[in-house]
2 protein chains.
Amino acid sequence: MAGRRRALYSSEDLAPLINPRSIAVIGASDRPGSLGARAMANLADFRGRIFPVSQHLTEINGLPCYRSILDVPERVDCAVLAIPSQAIEVVVQDCADAGVGSCVIFASGYAEVGSEEGIAAQERLRSIALRGGMLLAGPNTAGLGNLGTGAHCGFAEFPHGYAQRNGTIALVSQSGAVGLGLSQAAMRGTSISHVLTSGNSVDVDVADYLNALADNPAVDGVALVFEGLDSAARLEQAAMAMARAGKPIAVTKLGSSPLGAAAACHHTASVTGSPDDWTALFRRCGMVEVQDMSRLVETAVFLAKFRAFRKPAAVPAVSILSSSGGLGILAADAADRHGVPTPQPGKTTVQRLKDILPSFGSPRNPCDATANATSNPESILRCTEALLTDDQFDALVLLWGKAWRSPCFEGISELATNHGKPVCLVWMSQWSDGPGSTDVEKLPYVSLFRSLDSCMSAIRAWGAPHSFDTGG
Amino acid sequence: MAGRRRALYSSEDLAPLINPRSIAVIGASDRPGSLGARAMANLADFRGRIFPVSQHLTEINGLPCYRSILDVPERVDCAVLAIPSQAIEVVVQDCADAGVGSCVIFASGYAEVGSEEGIAAQERLRSIALRGGMLLAGPNTAGLGNLGTGAHCGFAEFPHGYAQRNGTIALVSQSGAVGLGLSQAAMRGTSISHVLTSGNSVDVDVADYLNALADNPAVDGVALVFEGLDSAARLEQAAMAMARAGKPIAVTKLGSSPLGAAAACHHTASVTGSPDDWTALFRRCGMVEVQDMSRLVETAVFLAKFRAFRKPAAVPAVSILSSSGGLGILAADAADRHGVPTPQPGKTTVQRLKDILPSFGSPRNPCDATANATSNPESILRCTEALLTDDQFDALVLLWGKAWRSPCFEGISELATNHGKPVCLVWMSQWSDGPGSTDVEKLPYVSLFRSLDSCMSAIRAWGAPHSFDTGG
């Protein structure tokens, strides 16, 4: 595909798609559950101008409808095509003629079906867009959402209530369902600025999205999921732009198994390529590969929250603090599984811990502050300070038996900042979105994990050579 | 320890502890936050008789207080000792003299400290109990809860709202914090009948608990966590009793790393033993070892829900069904990582799937029912039936992009029963306790997972030779 040899889109190039000031919904509808009604509902928070286009209605939600995109009185940044696939090609041509900046196409049945007709139809869409200088997201995409501006150009619901803070991540996913599923992390407090999906990626692909996010001040890091790209070099170039901006990328690559690769070909017509080649590329760019996607968001948030902290040792050493010996043992076992060193604290630290702990506590690594600490949060704060002060440790892993927000967490976040070392809070509960989850996620310098293995693998990856640590 | 050569306690032996009809709280208090007040509060749902013992109060919550356990007018099944460690020994002797059936001791500072005094003090408690024919839980324990009767003998809160159903599990944990953390699974819908912790296990240990649960009709399976036992043979004997009863055990063994083993010695004075020896024992007994404890409860519930289903192949094969190609690819990759075969459906099945799916769907394995299925749950039901009918598959893995309860789930649970094959529903969302979680957990023949790796590793373990499948 000749188009793929073009340069990456910049944030300015992609602005009509990622940060549109005006959006037309073609096929706007008031029929509950229809694509057109859902696309309209998703724009409820959008602060820009909305132009519904409908052949049947004259008005929706108080907005006048237009019969065609050609009738809209201004050049629209983004057109969302909530129409059956038979009508797509004519409408895409209309959009190009109307000087629309970008098109989002949900419809399926293109290259992913594998038929000659599907491939040809997709290629025609690409040509129309290219000639018209119009960006194209999809086809076969769930769309994209800018959660800061409310520009939610999709048929499924994107999360609401975004507020910028340290550790904000963007989700970039080829698969719409994957991007939308991950975006529910916002419901438990993760700060997500964008959910960008690309589907068949006939024009805009995940590499373009990454490149455009590199200079976006709202974004501290990215969680990336994709199946394949026809130019690995473009991904590498985009990842290096992110690295130069000091922004980490955690990535789950789909299609690492033969069956998965075959399914990817059926899904978005992607050639997944050799898993080893991709892993090598990820390493070159300092991207952190996460196989178990349920750990992807926690890993991305951890890397994003602490990106401005000092570079750790290649293999970061951690101290472990808990109010339960059993939890400490589990953490020591998990550190061992992931090759994370857990040295013993120095003499001064041991003495400081002894002064804080009851006689049956354990001034070691793992440090057992005993169940006494559950009714004495001050002792947890003092142990945290003692362990963060010790030069041997790059980070602190703090274990919490149940899901709840302790009054000491704010102070712990402050201590982490003062010492320039991450604190990873691990909820050893099965109530992973339990009380206080959203508040804890908001702490600027505490990273919340729901599994020790998720935590320890993230810490291990943090220490690996990262181009985003060295600035190049 | 000579006591450890005794036979395992039976359910009848342990009844005064696990299923008490009367409970004395020694050190009962109305001071908010105190151990004594918390122990009283935890008995709010208890249907048996409660005897508060206090040196200061004459009445608590309308119940008369006794100055000593010796003043209580009946032989109490269980005494909960919410008193400082200095007073423990005298009170344990009083309990023995009063003919109390069992004692629960929270206090720390015994063998786990490693001091001669601590070891000697613990040994004295054991002797008093042994001579008096009184069971002893602890010391250094968080206590135990019978969630069916409300006999919550602990200082921390156990979950409420238990209702028996298929797939009910008991939690058995040496560490109190671990047991309590896992018990929060009840908040997202897991049916938990008992939370039994043993602490220093001077008398009753996790092997006794297992043995006593084998013939408990409320219990379909157990999630077990422990650090060490001074008699592996007793655990093996108890696990075989569970196996004979057809009840699976999922186990996380603490202290598999050198540092973890050292910490275990500090924690409950446990000698953790060689990890390989334990793994060999688990295999002999058909216990399923789970390293990542965040997957333990899901694994135990899965094995418990489907324990009456037909025995699968040694390596069970699965079909994968989703409404998103991306999710299907991820599942295929995860199956590959865990060695779970994913054969292609037979010709008849392919034809049935073709008749159900739109032209751009994928009548393969993984089966992509496309986003159309999200608004057409009937097609998911029909695909489920087609795939469960195919003899090649031992189970179905159904992927769900977001956390929500579909109206088709009840029907899917019925199909699973009719075909005698498990359906594993995997929520590919980061909102793991999202809307509908508690309802979905209640479905008798659908197992909910929050990660593909958790699901595939459970399926792989299900196929391994299990003594609980063969009845011996």
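Me: Which residues of helix 11 of chain B meet helix 16 of chain B?

Reply: In this predicted model, the partners on the side of helix 16 of chain B are B:L452, B:D453 and B:M456. Divided by class, the residues of this contact are six nonpolar, no polar and two charged. On the side of helix 11 of chain B, the residues are B:L330, B:A331, B:A334, B:A335 and B:R337.

Me: Which residues of helix 16 of chain B meet helix 10 of chain B?

Reply: Helix 10 of chain B, residues 296-305, packs against helix 16 of chain B at an angle of about 45°. It contributes B:E298, B:T299, B:F302 and B:L303. By class, the contact has five nonpolar, two polar and one charged residues.

Me: How far apart are the axes of helix 10 and helix 16 of chain B?

Reply: Two packed helices are described by the angle between their axes and the distance between the axes. For helix 10 and helix 16 of chain B, the angle is about 45°, and the two are therefore oblique to each other. Their crossing is right-handed. The distance between their axes is 10 Å.

Me: Are helix 7 and helix 9 of chain B oblique or roughly parallel?

Reply: The axes of helix 7 (residues 232-244) and helix 9 (residues 275-284) of chain B come within 10 Å. They cross at roughly 25°, in a right-handed crossing. Angles under 35 degrees count as roughly parallel. Helix 7 and helix 9 of chain B are therefore roughly parallel.

Me: How many charged residues are in the contact of helix 7 with helix 9 of chain B?

Reply: Helix 7 of chain B brings B:A232, B:L235, B:E236 and B:M240 to the contact. Helix 9 of chain B brings B:W278, B:L281, B:F282 and B:R284. By class, the contact has six nonpolar residues, no polar residues and, as charged residues, two.

Me: Where in chain B does B:P139 lie?

Reply: The peptide bond from B:G138 to B:P139 is cis, with omega near -5°. B:N140 has a phi near 65°, a positive value in a residue other than glycine, and is found in the loop between strand 7 and strand 8 of chain B. Most residues other than glycine have a negative phi, and most peptide bonds are trans. B:P139 lies in the loop between strand 7 (135-137) and strand 8 (143-146) of chain B.

Me: What is omega for the peptide bond that joins A:G138 and A:P139?

Reply: A:P139 lies in the loop between strand 7 (135-137) and strand 8 (143-146) of chain A. The bond that joins A:G138 and A:P139 is a cis peptide bond. Its omega is about -5°.

Me: Which residue of chain A has the C-alpha nearest the axis that relates the two copies?

Reply: A rotation of 180° with 0.0 Å of shift along its axis superposes chain A on chain B, with an RMSD of 0.0 Å. The two copies are thus related as by a two-fold rotation axis. At 3.0 Å from that axis, the nearest C-alpha in chain A is that of A:D433.

Me: Which residues of chain A lose the most area to chain B?

Reply: The contact takes 68 residues from chain A and 68 residues from chain B. Between them the chains bury about 5300 Å², 59% of it on carbon and sulfur atoms. In chain A, the residues that lose the most area, together 15% of what that side buries, are A:Q184, A:L259 and A:Q430.

Terms used:
Residues are numbered from 1 along each chain as its sequence is written. Chains are lettered from A and ligands numbered from 1 in the order in which they are written. This is a predicted model: local features need pLDDT of at least 70, side-chain atom pairs count only at pLDDT 80 or more; totals for chains, interfaces and linings use all residues. Side-chain values use heavy atoms; hydrogens and water are left out. Copies are superposed by least squares on the C-alpha atoms of residues with pLDDT of at least 70 in both. Contact means heavy atoms within 4.5 Å. Helices (H or I, at least four residues) and strands (E, at least two) are DSSP runs, numbered from the N terminus. Ala, Val, Leu, Ile, Met, Phe, Trp, Tyr, Cys and Pro count as nonpolar, Asp, Glu, Lys and Arg as charged, and the others, Gly among them, as polar. Buried area is the accessible area (1.4 Å probe) that two parts lose on being put together, summed over both. Axes are lines fitted to C-alpha atoms, for helices over the stretch in contact, and angles run from 0 to 180 degrees between N-to-C directions. Angles under 35 degrees count as roughly parallel, over 145 as roughly antiparallel, 65 to 115 as roughly perpendicular and the rest as oblique. A crossing is left-handed if the near helix is turned anticlockwise from the far one by less than a right angle, and right-handed if clockwise.
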